[in-house]
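I open a notebook page on this structure. My entries follow in the order in which I looked things up.

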Amino acid sequence: MRPKCPPRVRDALDQLLLDHEQIRKLLRQYDQLRLTDEPGAEGRAERVDELCDALSLLAHLEEGVFYPAVRRVLGRTASAQATFCDHARLRGLIAQLDEMPPGDRACDAVVADMGDCVLPWMNAAPVELFVAVRLAGLDTLALGREMALRRREPPTKRLKPVPGPTGSTWLAASGWPQPGRLASG
């Protein structure tokens, strides 16, 4: 019997690229459901759940592992800061989705805003930020290992209580709402 090999750890940039592709796929699926599934909100609600989960995890990894390492290497220059995703705006959009009942047609506009928020960054990051990170010699394999460990953490371990905008209590990692109605899986 052949011994089981440990899973290959991807470097941080490869992991982020895979996350970006997953988010693009979820946005496309949501849009397709929006166009073809008028009466059935269930499929759209599931995509919103998955999208919010994926974006929350991505932001947790970027804010907790990737961005701090990049700032140490590239500094806080305007060009480096401009290439970071606007997580504050994204947190607000996720919070709006979390407050909406499943099937609310207003979700369509919020998901569209979410795409407008993340897609330009996901398109620019590989050609700007990722190239600068590689040229700076950052150990992206070590960052990838750390990100892989954080991915395996249970959500409750990386989340802490914070008050929500409408008096509800959320659990958040760096201000991100806990997966609630939208993130139940």
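I sorted the lining of the largest pocket by class and got five nonpolar, one polar and six charged residues. For the classes I took Ala, Val, Leu, Ile, Met, Phe, Trp, Tyr, Cys and Pro as nonpolar, Asp, Glu, Lys and Arg as charged, and the others, Gly among them, as polar. A pocket, on a 1 Å grid over the protein atoms alone, is an open set of points where a 1.4 Å probe fits, with protein on both sides within 12 Å along at least five of seven lines; lining residues have an atom within 4 Å of a point.

I listed the lining: R24, L27, R28, Y30, D31, R34, D108, V111, A112, G115, D116 and L119. Helix 1 (12-36) and helix 5 (106-124) each give at least two of the lining residues. I noted a volume of about 180 Å³ for the largest pocket, a volume being the space filled by probe spheres set on the points, which are joined across faces, edges and corners.

**Model and numbering**

This is a predicted model, where local features need pLDDT of at least 70, side-chain atom pairs count only at pLDDT 80 or more, and totals for chains, interfaces and linings use all residues. Residues are numbered from 1 along each chain as its sequence is written, and side-chain values use heavy atoms, with hydrogens and water left out.

I checked pLDDT (the predictor's confidence in each residue, from 0 to 100). The protein averages 79, and 71% of the residues score at least 70. Over residues 159-185 pLDDT stays under 50. Where pLDDT is low, the predicted coordinates should not be read in detail.

**Elements**

I counted seven helices and two strands, taken as DSSP runs (helices H or I, at least four residues; strands E, at least two) numbered from the N terminus. From the N terminus on, the order is α-α-α-α-α-α-α-β-β.

Of the 185 residues, 42% count as buried. Buried means under 20% relative accessible area, exposed over 50%, and partly exposed in between (1.4 Å probe, protein chains only).

I looked up L55 in helix 2 (residues 41-74). L55 counts as buried because its relative accessible area is 2%. Its C-alpha lies 9.5 Å from that of H87, 32 residues away in sequence.

Then I looked up G103, in the loop between helix 4 (87-99) and helix 5. G103 is partly exposed, since its relative accessible area is 31%.

Methods
Contact means heavy atoms within 4.5 Å.
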